[in-house]
Amino acid sequence: MLFRSVGLGNGAVEFSGKAVEFSQGTKKVAEGINSIPESTKALNGGMEELIQGTETLKNGQDGLTEGLNKSLEALEQIRAGKEKEGKVVGLLLRGLEGLDKIAKGIENLPGGNTLAQTMKETVDKQRIALEGLKNSSDELILALTQVEEGLKEAEGASIELAEGIENVNEGQKKVSGGLNELATGTEGLKDASNQLVEGSIGLE
């Protein structure tokens, strides 16, 4: 009988020691759980700043895309104007061919040699000027076409980048939503762990 009460006494002492350890453990768990909502809220605050920064970046990218688009429109108008100018110059050059024929006809008339010569010189000067204008227009149209192709590539890349930024932003918003849910869920854990601590105090 003595052995039973000694064994029972040792068991009670051991139980009491383990109960104290359990109680202390529950306090540490509760402290850890209690810090989760605050940490999660702080993390979410940082995520909100990141989301705003990404949205600002996307707005800037959209502005760049819009600027590239307006530049393309302006280039297309300039190119169209230069192409129209080239057609007019082509018509004027053909008109000069007609004046050449007229000058040759005047040259064959009696006393028309001087007038024909003056006319030929004037036509030649106009031809040189018009050909120079046509060549510079052709070169400008070629340069504008190359610039336009570069702008189209840049615009396409800018649109893709803006879409990529939008996808990142959507992902960030999902993470933020998940952090909010985590914070809400851990608030419930906080109450449960506090109850566990209160219950374990009686075991000490």
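How many residues apart are Arg127 and Asp124 in helix α2? Arg127 and Asp124 are 3 residues apart in helix α2 (residues 113-201), which means that about one helical turn separates them. The two residues form a salt bridge, with the closest N and O atoms 3.1 Å apart; a salt bridge is a side-chain nitrogen of Lys or Arg within 4 Å of a carboxyl oxygen of Asp or Glu. Arg127 is buried at a relative accessible area of 17%, whereas Asp124 is partly exposed at 39%. Here buried means under 20% relative accessible area, exposed over 50%, and partly exposed in between (1.4 Å probe, protein chains only). Elsewhere, salt bridges that share partners join Arg79, Glu83, Glu148 and Lys152 into one network.

The model is predicted: local features need pLDDT of at least 70, side-chain atom pairs count only at pLDDT 80 or more, and totals for chains, interfaces and linings use all residues. Residues are numbered from 1 along each chain as its sequence is written, and side-chain values use heavy atoms, with hydrogens and water left out.

The chain contains 2 helices and 0 strands, assigned as DSSP runs numbered from the N terminus (helices: H or I, at least four residues; strands: E, at least two). Of its 204 residues, 24% are buried. The accessible surface of the chain is about 13,700 Å², and carbon and sulfur atoms contribute 60% of this area; areas come from the Shrake-Rupley method with a 1.4 Å probe, and for residues only the protein chains shown count as cover. Among contacts (heavy atoms within 4.5 Å) with a separation of 6 or more, 88% are between residues 24 or more positions apart.

Asn44 lies in helix α1 (residues 2-107) and is buried, at 8% relative accessibility. Beyond its neighbours within four places in sequence, Asn44 is in contact with Ser176, Leu179 and Asn180. The side chains of Asn44 and Asn180 are joined by a polar contact of 2.5 Å. A polar contact is a pair of N or O atoms within 3.5 Å; within protein, one must be able to donate a hydrogen and the other to accept it, and residues adjacent in sequence count only if both atoms are side-chain atoms.

The whole structure holds 12 salt bridges. One of them links the side chains of Lys58 and Asp62 at 2.8 Å, N to O. Both residues lie in helix α1, 4 residues apart; Lys58 is buried at 17%, and Asp62 is partly exposed at 31%.
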